[in-house]
Amino acid sequence: MNQSRRPPIADSSLALLAKGYAWLPDRRRTTSPVVRTRLRGQHAVALHGPEAVRFFYDERHVERGSALPGPVLSTLFGHGAVHTLDGQAHRTRKGMFLSLLTGPESVAGVVKDVTAVWDEAVPSWSDRPSVVLFDEASRILTRGICRWAGIPVDDPDRLARDLVAMVDGFATAGPRHWRARRARARSEAWLGRLVEDVRKGTATAPAGSALDAVVRHRDADGRPLDPRTAAVELLNVIRPTVAVCWFVAYAGHALHRGPAVRERLRENDAAYAVAFAHELRRFYPFAPFLGGRAATDLEWRGEPIPSDAMVLLDLYGQNHDPDLWTDPYTFDPRRFLERPPERDELVPQGGGDRATGHRCPGEDITIALLCALGPRLAQLTYDVPEQDLRIPLNRIPARVRSGFVMEAVRVSVPARLSGQTAG
């Protein structure tokens, strides 16, 4: 048997834990066109590049639903979530998310509610000796997205901590993971009760809201979602939006390291704000890779991929590929002023067609929020005290260690900028 066709023997699970985001890019430098390994004892093949994105998102090649491990479902996505479906079942459930989260009106509505909360909250930062940007952004995003979604919240700060915990603990063992599981169980129980109350008429879902849409949704089999699955999908509306706090903290990091970028962003130039949002998502670590399973025996650039093998799509490596990006480890939003990103080149939140595949339907909302919040952050005046601003790549998900601490925050100019959107 040709050596390239033999199943790999060595397992890379420990190497992945040790290197995190750098694991696949490092392996790819010495192995081409695919990386072959084992993860958790399973044959795995890793692909890279825009052509690989299109291959990966073709349901004839790769199934996503069956590939998600239980610990990820118990923390990040939820059991029974849209991410676990394929084929018509996936398209029907995904259609609900597309109707809620895409289109100019939906995007503008989320931005309006989140920026309103930001503009209400930020003046109070001046009265405090210091604030942690990551934490403050998570609270603002939680209040804003729940307001938009029509979800009443008694303790938004607690909910913000739970939503952050779900993201923070999905790819690790130990305390972070168990904190994420408890947060998900608590949130699913609360939202499940809310769904039941709406259906019984003892609670109200605003017409056209996300809560209303999830309560009324019927799957491909014509049945409504059971309360627990409805709670899972409501969390899949609000949790990804709150995860934008990772990028807001990264924005603080980028503006601190790049004063020229900050000055340019303060000009309230809509095109530059979009470029800044794209560069944040390209440069900083978010998802390291995506996984699926080979639907049948496949071939990629002459390399065989056996049926049921794990297929990985290298997101972080692609977003830092020198063949795609000039000076990929330099933060420079101007690259996106010169040329907007192609759909399958910039893939921090996955690639492919979001209408038919598993690409995140809230990507436009992420971009629009960063377009609105980035300039607002740049307009503030504050001191950056001594702190740990490192972003360890062996931590998944990575984040600024200190959360980006700001002292003596001053609202030096009116904070209420026009909510910019992108789509």
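Predicted model: local features only at pLDDT ≥ 70, side-chain atom pairs only at ≥ 80, totals over all residues.
Modeller: Before we start, a strand here is a DSSP run of E with at least two residues, and strands are numbered from the N terminus.

Biologist: Okay, what makes the phi of Ala408 worth a look?

Modeller: Its phi is near 50°, a positive value in a residue other than glycine.

Biologist: What about Asn268: where does it sit, and what is its phi?

Modeller: Asn268 is in the loop between helix 13 (259-265) and helix 14 (270-283). Its phi is positive too, about 60°, although Asn268 is not a glycine. With a relative accessible area of 30%, Asn268 also counts as partly exposed.

Biologist: Which peptide bond is cis, and how do you know?

Modeller: The bond joining Ile396 and Pro397 has an omega of about -5°, and it is cis. Pro397 lies in the loop between strand 9 (381-383) and strand 10 (405-410). Most peptide bonds are trans.

Biologist: Let's go inside. Why does Trp118 count as buried?

Modeller: The cut-off for buried is under 20%. Trp118 has 1% relative accessibility, so it is buried. Trp118 belongs to helix 6 (residues 104-121). Leaving out residues up to four places away in sequence, Trp118 touches Trp125, Leu133, Ile140, Val248, Leu373, Arg376, Leu377 and Leu380. Take Leu373: it is 255 residues away along the chain, yet the two C-alpha atoms are separated by 8.2 Å.

Biologist: Is Asp212 buried or exposed, and how do you know?

Modeller: Same cut-off: under 20%. Asp212 has 15%, so it is buried. You'll find Asp212 in helix 10 (residues 210-216). Apart from neighbours within four places in sequence, Asp212 is in contact with Ala205, Pro206 and Ala207.

Biologist: What makes you say helix 4 is largely enclosed?

Modeller: Helix 4 (residues 70-77) has 8 residues and 6 of them are buried, so the rest of the structure largely encloses it. The buried ones are Val72, Leu73, Ser74, Thr75, Leu76 and Phe77. The cover over them includes helix 8 (156-168), helix 9 and helix 11.

Biologist: Why are helix 9 and helix 11 called roughly perpendicular?

Modeller: Helix 9 (residues 175-200) and helix 11 (residues 227-242) pack at about 115°, with axes 8 Å apart. Roughly perpendicular covers 65 to 115 degrees. The pair therefore counts as roughly perpendicular. Their crossing is right-handed. The residues in the contact include Leu191 and Val195 of helix 9, and Leu234 and Leu235 of helix 11. By class, this contact has 8 nonpolar, 2 polar and 6 charged residues.

Biologist: Then why is helix 5 called oblique to helix 11?

Modeller: Helix 5 (residues 87-101) crosses helix 11 at roughly 40°, and the axes come within 11 Å. Roughly parallel needs an angle under 35 degrees and roughly perpendicular starts at 65, so what lies between is oblique. That's how helix 5 ends up oblique to helix 11. This crossing is right-handed as well. Arg93, Met96, Phe97, Leu100 and Leu101 of helix 5 meet Thr229, Glu233, Asn236 and Val237 of helix 11.

Notes:
Residues numbered from 1 in each chain as written. Heavy atoms only, no water. Helix = DSSP H or I, 4+ residues; strand = E, 2+ residues; numbered from the N terminus. Buried < 20%, exposed > 50% of the residue type's maximum accessible area, 1.4 Å probe, protein only. Contact = heavy atoms within 4.5 Å. Axes fitted to C-alpha atoms, helices over the stretch in contact; angles between N-to-C directions. Parallel < 35°, antiparallel > 145°, perpendicular 65-115°, else oblique. Left-handed = near helix turned anticlockwise from the far one by under 90°. Nonpolar A, V, L, I, M, F, W, Y, C, P; charged D, E, K, R; others polar.
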